[in-house]
Amino acid sequence: MKFRIFKQVPKLIFGENSIERLDELLPEKKENDYYIYVIDDYFQTESLIINFLNIDKNDHLIYFPATKKEPTTDQIDDYKKMILKKYSNKLPISVIGIGGGSSMDVAKAISVMLCNDGSSREYQGWDLPKNEGIYKVGIPTIAGSGSEASRTAVLMGKDRKFGINSDYSMFNAIILDSNLIKSVPKDQRFYSGMDCYIHCVESLEGTMINELSKGIADKALSLCTDVFTKNSKNDMLITASYLGGVSIVNSEVGICHALSYGLSLELDYRHGYANCIVFNVLHEYYGEHVNLFKKMLLDHDITLPTNVCSSLDDVAIERMVDMTLLMDRPLTNALGDNWREILTRDKIRDLYLAM
Ligand SMILES: [Fe+2]
């Protein structure tokens, strides 16, 4: 098999309080240069982040409402329009994304879209942007999504949830500061942490795995499992999140992600939460990993909803099935080239109805 060119974020600062070193990663400003900051709106009232940033009057600050819903293509197009208007088409010299997966994905998407014509809708897919984006820095404040390592910026469109998957969507530099994830609420820490757990399982159990990504995913899975079954150390979780992201850059996600996109599309569920609901019914595909997941649910006193599709009509369910069927690469990774014979429309519908 011909493997993908392995790409990684080229610059990384690791360690507690490393956010204080952000300046070391940013290009120096000349007159009228500016940065764009995309920050999870949780930090609008929480001074943990803002005190460390040297934001000057020329910079533009976006507080992204990450807890409300997943970022949309319309939001990205609006941000792009607004930035180009405000700065008379002068581009920023850096975009800095600080938050969970959604806020980091917004930063990535803005960076790419400021250098590529048209709507972000046109770039949802694989390797579609033609021009490199603005230099960008990612700083996770919730661990698990792996967005800090990945080559995707996932956006919700009108009828589909899809990433801008491109080398140009990768951050140029990241900061992994475990101090920033310490105040994440327990449930959110679990759902987002399980996103990492599921990345590792899907990578390891997929057909696109190789020894390199296996080595990375194995380590990420053992760290993530330790965090949720033994000792919950923030340094371990932030490392697991990053390594889980790196492993899928060099392999692919699988059935859980393919199905969770449908749930997010129709029920507005956040990514980590949707993944947990799906993974819970995937025992026939991911066996022991699902058993351990169920144990972790119990240990952390997390109760998932049941019968989640009961409020949806047949048309909505069929849209979810259609959404899943678009996920060719994850499903090829999970089940091989003949995945359509295994994961039929009926099978996908049954899985949704079992959630
Ligand atoms: Fe994910």
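Modeller: This is a predicted model. Helix α4 and helix α5 (residues 211-229) pack with their axes 9 Å apart.

Colleague: At what angle do α4 and α5 pack?

Modeller: Two packed helices are described by the angle between their axes and the distance between the axes. For α4 and α5 the distance is 9 Å, and the angle is about 145 degrees.

Colleague: Is the crossing of α4 and α5 left-handed or right-handed, and which residues of α5 make the contact?

Modeller: The crossing of α4 past α5 is left-handed. On the α4 side, the contact is made by Gly 193, Cys 196, Tyr 197, Cys 200, Val 201, Ser 203 and Leu 204. From α5 come Ser 213, Lys 214, Ala 217, Asp 218, Ala 220, Leu 221, Cys 224, Val 227 and Phe 228.

Colleague: How many residues in the contact of α4 with α5 are nonpolar?

Modeller: Sorted by class, this contact has 2 charged and 3 polar residues. The nonpolar residues number 11.

Colleague: At what angle do α4 and α6 cross?

Modeller: Helix α4 spans residues 186-204 and helix α6 residues 234-249, and their axes come within 9 Å. The crossing is left-handed. Its angle is roughly 35 degrees.

Colleague: How many charged residues does the contact of α4 with α6 have?

Modeller: In α4, Gly 193, Cys 196, His 199, Cys 200 and Ser 203 take part, meeting residues of α6 that include Leu 237, Gly 244 and Ile 248. By class there are 5 nonpolar and 7 polar residues, and the number of charged ones is none.

Colleague: Turning to the sheet, which strands are at its edges?

Modeller: The sheet is open, with 6 strands in the order β1-β9-β6-β4-β2-β3 and parallel pairing. An edge strand pairs on one side only, and that holds for β1 (11-14) and β3 (60-64).

Colleague: Which residue of β9 is the bridge partner of Gly 138?

Modeller: Strands β6 (residues 136-140) and β9 (residues 173-176) run parallel and are joined by 2 bridges. The partner of Gly 138 in β9 is Ile 174.

Colleague: What angle does the direction of α3 make with that of β4?

Modeller: Helix α3 (residues 101-113) packs on the sheet and touches β2, β3, β4 and β6. Its angle to β4 is about 165 degrees.

Colleague: Why is α3 described as largely enclosed?

Modeller: A residue counts as buried if 20 or more other C-beta atoms lie within 10 Å of its own. Helix α3 is largely enclosed by the rest of the structure because the buried residues number 13 of the 13.

Conventions
Residues numbered from 1 in each chain as written. Predicted model: local features only at pLDDT ≥ 70, side-chain atom pairs only at ≥ 80, totals over all residues. Pairing = 2+ DSSP bridges. Helix = DSSP H or I, 4+ residues; strand = E, 2+ residues; numbered from the N terminus. Contact = placed C-beta atoms within 7 Å. Axes fitted to C-alpha atoms, helices over the stretch in contact; angles between N-to-C directions. Left-handed = near helix turned anticlockwise from the far one by under 90°. Nonpolar A, V, L, I, M, F, W, Y, C, P; charged D, E, K, R; others polar. Buried ≥ 20, exposed ≤ 12 C-beta atoms within 10 Å, placed from the backbone.
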